[in-house]
Amino acid sequence: MSQASKNLLEGIVTFAIGLPLWLFTGDVETPVVTLTKVGVVMMCVGGALVLTGLYQTARTSAGNR
């Protein structure tokens with residue numbers, strides 16, 4: 001498995017975990033952090049990983065031409 005596909009997979013999973021946190025934990029109270037904010041941060045990190053994986057994939061395919 002290449003680094004690009006690992007980044008894509010990890011980004012999709014991270015985004016998929018962050019989305020329900022953001023959508024469904026608005027009324028859950030935790031002492032230190034707000035779970036909705038954790039969900040937003042996870043979605044941002046997941047999106048960045050997906051973009052990195054897509055960039056690496058495009059870079060690899062452009063180098064093979």
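Analyst: Asn7 lies in helix 1, where a helix is a DSSP run of H or I with at least four residues, a strand is a run of E with at least two, and both are numbered from the N terminus. Before going further, please keep in mind that this is a predicted model, in which local features need pLDDT of at least 70 and side-chain atom pairs count only at pLDDT 80 or more, while totals for chains, interfaces and linings use all residues. Residues are numbered from 1 along each chain as its sequence is written, and side-chain values use heavy atoms, with hydrogens and water left out.

Asn7 counts as buried because its relative accessibility is 8%; buried means under 20% relative accessible area, exposed means over 50%, and partly exposed is in between, using a 1.4 Å probe and protein chains only. Leaving aside neighbours within four places in sequence, Asn7 is in contact with Leu49, Val50, Thr52, Gly53 and Gln56, where contact means heavy atoms within 4.5 Å.

Thr14 is also found in helix 1, and with a relative accessible area of 15% Thr14 is buried. When neighbours within four places in sequence are again left aside, Thr14 is in contact with Met42, Gly46 and Leu49.

The other helix comes next. Helix 1 covers residues 3–24 and helix 2 covers residues 35–63, and the two pack at an angle of about 160° with their axes 7 Å apart; the axes are lines fitted to C-alpha atoms, for helices over the stretch in contact, and angles run from 0 to 180 degrees between N-to-C directions. That angle makes helix 1 roughly antiparallel to helix 2, because angles over 145 degrees count as roughly antiparallel, those under 35 as roughly parallel, 65 to 115 as roughly perpendicular and the rest as oblique.

Ala62 is found in helix 2, and Ala62 counts as partly exposed because its relative accessibility is 46%. Although Ala62 and Thr14 are 48 residues apart along the chain, it is their C-alpha atoms that are separated by 27 Å.

Turning to the whole protein chain, there are two helices and zero strands, and the C-alpha trace spans about 55 × 15 × 15 Å along its principal axes. Buried residues make up 20% of the 65 residues. Of the contacts with a separation of 6 or more, 67% are between residues 24 or more positions apart.
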